Each structure stands twice: as structure tokens, then as C-alpha cells.
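Please read this note with the model open beside you.

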Amino acid sequence: MHYQLGILGGVGSDASAYLYEKILKHTAVDKDQDHLDMVILNHASIPDRTSYILDHSNPSPLPHIISDIEIFNKLQVEMIVIPCNTSYYFYDEYSKYSNVPIYHLIDETIKNIKSKNIQKVGILATDGTIQSGLYQNSCEKFHIKWEIPCISNQKKVMDMIYTYLKKGDPVPKELFESVLYEMKEKKVECIILACTELSLLKEMWKLSDFFIDPLDICTNNIIKHFNKNLK
């Protein structure tokens, strides 16, 4: 038995479940057997990615991610996806251990934005993703201008993620509106919800297409990759 897709989950768990649900919801099927064969490894105890990026004396998630990739190798999955933007800080290191492609959440998101002729984006993400320049570097590779929140608004983004979303609590809209106002003042053409916890907000609040969810793009790309039809 082998599986088509391996989801390295638990980073966080809600986002992993959300991606799985999106793939199910958007795959056109006539019967159960038409769905993708998937395995989810919900490794919730993986150390926090941002904590390590900001302070290397904290536990590194890398050995845990590599260990999980080796499990997927044994299960003979055909592709791996990690629904955590910040984890792509380690991509060049952990991808060496995989026998199959690991979907690049960040580059594929920016590639999709480039195809829409968008010239300037706002990036909402964890401190780890922002400070490591993951999205900024990808934007520059595809010749797209970018903006990030000011220090006070970046703290609000982190509050949304760590104080509310990761605990399953509702996010106060005033936190989000303050960040949104700044991004619009900077004349961005869209805002990337560049943390998979923030992806949950698009569904919860029914946000417009002005907000780009990398998990939306990921879902569509994965379904197409395995020659399934979208619905």
C-alpha cells in the first residue's frame, strides 16, 4: 500500500485539518474511491518554528521534521506538504531527506500571484517568517514588491496567531482592522495570509479575494497534480 499525499501536520493541528478538509471539499468525485489516498502525520509536539528561528538556543524542529519525512518515505507517499509557512525556513535542509517532492508553499503562492500580474503584496506572518525573509525573498525572485507591518502592528499579528488562533479562541476584529488599514495605506494590491493559522480567518470571516490564502493555492495545485478535477 502506498499513498499519494503525505500531510506533515500538527504545525498547527487546526491548519492541518483545514487543509485536509479543503482537499476533500474541492475534489470532484462520484464515489469515496475517487478521493486522494492521503496520510496525515499530526506531529503536534514538534518544537515551535518561530521560537527557534528567533533564538537558536531553543529546541530545533528540524530533526523532528526529518524523522517524519523518513516515515513518509517508508509509506511511499508520492508528495509531501507541510502546512506551516514558517517551516519552509528549513526547506533546503529537510528536503534532502525526502524521496519525493515536497510542495513549496511559499514559492508556489508567489508564482500564483505573479500569474495575476499583481505588482505589490502585503505579508502577514509570524515573526519567524518575517525576520527570515521567506516571503520577501520569494517576492524578489519573482519581481514583486512587498510590504510588512510596522513593529506595533506586527505584534498584533503575533497576538492574533499565538494568543487567539493557536488556542482556538476568536480573534478580536480590531486587531485585524488596524493591520489592514496600514496595508491599504501602503497601497498593496493583495494581502498574503502567510501563516496557516491566519488561513483559518479567511474561512471564518468570509474574507474577499483581496486576501490570498496559500492553502487555497496549495489545495488547487495538489488536486491538479494528481489529475483530479476541481469543484
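**Notes on the salt bridges**

1. Start with Asp209. This residue is exposed, with a relative accessible area of 65%. Exposed means over 50% relative accessible area, buried under 20%, and partly exposed in between (1.4 Å probe, protein chains only).

2. A word on the source. This is a predicted model, in which local features need pLDDT of at least 70, side-chain atom pairs count only at pLDDT 80 or more, and totals for chains, interfaces and linings use all residues. Residues are numbered from 1 along each chain as its sequence is written, and side-chain values use heavy atoms, with hydrogens and water left out.

3. The structure has 11 salt bridges. The term covers a side-chain nitrogen of Lys or Arg within 4 Å of a carboxyl oxygen of Asp or Glu.

4. Asp209 pairs with Lys202; their closest N and O atoms are 3.9 Å apart. Lys202 counts as buried, at 13% relative accessibility.

5. Lys22 and Asp216 form a salt bridge at 2.4 Å, N to O. The two are 194 residues apart: Lys22 sits in helix α1 (residues 13-26) and Asp216 in helix α11 (residues 214-225). Helices (H or I, at least four residues) and strands (E, at least two) are DSSP runs, numbered from the N terminus. Lys22 is buried at 8%, while Asp216 is partly exposed at 22%.

6. These residues join up. A network of salt bridges links Lys22, Lys202, Asp209 and Asp216.

7. Check one more pair. Glu147 and Lys120 meet in a salt bridge at 3.2 Å, N to O. Glu147 lies in strand β5 (residues 145-147) and Lys120 in strand β4 (residues 120-124), so the pair ties together parts 27 residues apart in sequence.
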